Amino acid sequence: MATITLITGSMLIIIGFYAILVKDNLIKMIIGFSLANTGLHIIMVSLGFLKNRTAPILDPQQTELNLLNNILDPVPQALVLTAIVIGFAVTALLLVVALKLHDKYQTLSIQKMWEEK
Amino acid sequence: MIRKFFILIILLAFSIILTGIITEYVSPEALGTAASYYAEKGPGEMGATNLVTSVLITYRGLDTLGEVTVLFLVASILGFYLNVQKSNKNSTCSPLLHTASRLIFPFIFLTGIYIIINGHITPGGGFQGGAFIASAFLLVLLAGLGKDKSTGLFSILESLSGLVYVLVGLAGIIFAGGFLDTRILPLGESGKLLSAGAIPVISILIGIKVGAELSSMIVKLSYNGQGN
Amino acid sequence: MILFITLVLSLVIFTVALLAVSTKTLTTSVIAAGAVSLFASLLYVILRAPDVAMTEAAISSGLMTALFFIILSRIGRKNDD
C-alpha cells in the first residue's frame, strides 16, 4: 500500500514542477510550488509506513508495552510536521513578493514584465 | 523551442529519479536503529504517551527551535514589507456571518486550547493548536469584527513566548541533562494531564507563538493599502 | 477495502491537481489546490499519521487557501491566465 501513495506523491511533484516551468501567470507558479510541497510530504510519510502496525500513540492503560513490534516509525512524521509549517511560511513570502511585483508592473504575466523592462 | 526542449529534459530527469525510488522500494519488516531506540526508551524516559510529540520536542528539540526561528523571521519580514494602515470602511458583510462568528469564535478558541494542552496524551500539540487559533482569528477578520484592533498585542505575545522557550531550554542545562531536556519538572504518571516533565509547558509556549504569528501575518496582509 | 479507498483517493488527487494547473480562472485554481490538501489529509489518516493529518488540514487547506484569496482580492481579478 505504500507503493500507491509513493506514486501519488511522485505525480504531484511532477505536476507541480510542470506548473512552475511552463505557466505564465505568477500565481499559477506559486500554486505549483505548493502542490510540489504537498507531494514531497506524502512521499516522506509513506516511507515510514510498516505493514500491520499501528500509529505511534500509546494507550496509557496498557500494562504490557511491547512497542518494538507494534508501532511504526515516528521520526518521518515529526520531520513532516516541521516541513508543512515552513512550507506555509515560504509560500506567504512568495505571495508578498508577487504583490509587490504587481504593484510595480501592473500585470501578473512574466512575458509582459520582461517586455516592459 | 530550445526552452521547451530543456523543460522536457528537466521533467524527464525528475521522472527517472522518482521511478528509481518507487521501483526499488522494499517494504521494511522492522524498525530502524533510531526508531527502535525511541520505541524502547521513549515512554520510560519522557513519560509522554504521544511518541511523536516527545520526539518533536525533546529528542529533536533543536529542529523545533530552528523552525520557530524561521517562522519569527518570516513574520518580521512581512511586517517590514507591508505598512499597516487603518481602513475606515464600514463592514458590509451579512448579519448572518456577523452574528454566527460572534457565537462560534469562543468555541473554536477553546478547541484550540484543548488541543494544545493535551498535546502529550492524544494526537495534537503546539503547531496544530496554534493553527486552530489562527483560524478562529481569520473567521473574526472575515466577519469584519476586529477592524480597529492593532497588531501590537500579537507582537508582544510572540516575542515573549519565544524568549521564555529559550529560557526553558537553558534551564535544562542547569537542572537536568542538557539543552532542552524536559526532565526539569517531575515526570509524574503517564496518561495524566500533569505529566511528562516540561513537555506541556513547551507545547503551550509553541502554541501561543505560532497562533500569534499566523494571526498577525493574516491581519497585516489584509489591512494594507487602499480598500479592504 | 482499504486498498480500494487508497486507489480512489489517488485518482481523485491526480485529477484535481491537473484541474488546478490547467484551468483558466485563478479562483478555480486556488480552490482546487485546497481540495488537493484536503484529500492528502485523508491519505495521511489511512497512512496512520494522525498528527500530520491534523496539521495538513488546518494549515494547508484552511490558512493557505484564505491567504491566496486575500492576495487575490488585493490584486483585482482582471489578470487571468
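1. Start with a helix pair: α3(A), residues 75-105, packs against α3(C) at an angle of about 0°, the axes being 10 Å apart. Axes here are lines fitted to C-alpha atoms, for helices over the stretch in contact, and angles run from 0 to 180 degrees between N-to-C directions. So α3(A) is roughly parallel to α3(C) (that label covers angles under 35 degrees).

2. A quick word on the source: this is a predicted model, where local features need pLDDT of at least 70, side-chain atom pairs count only at pLDDT 80 or more, and totals for chains, interfaces and linings use all residues. Residues are numbered from 1 along each chain as its sequence is written, and chains are lettered from A in the order in which they are written.

3. Who touches whom in that pair? Among the residues are A:Leu81, A:Phe88 and A:Leu95 from α3(A), and C:Ile59, C:Leu63 and C:Leu67 from α3(C). Contact means C-beta atoms, placed from the backbone, within 7 Å.

4. Zooming out, 37 residues of chain C and 39 residues of chain A form the contact. On the chain C side, α3(C) gives the most, with 13 residues (helices are DSSP runs of H or I, at least four residues, numbered from the N terminus). That side of chain C has 25 nonpolar, seven polar and five charged residues. Nonpolar means Ala, Val, Leu, Ile, Met, Phe, Trp, Tyr, Cys and Pro; charged means Asp, Glu, Lys and Arg; the others, Gly among them, are polar.

5. Chain B touches chain A too, with 40 residues of chain B against 34 residues of chain A. Here α4(B) gives the most to the chain B side, with nine residues.

Methods. Contact = placed C-beta atoms within 7 Å. Helix = DSSP H or I, 4+ residues; strand = E, 2+ residues; numbered from the N terminus. Parallel < 35°, antiparallel > 145°, perpendicular 65-115°, else oblique.
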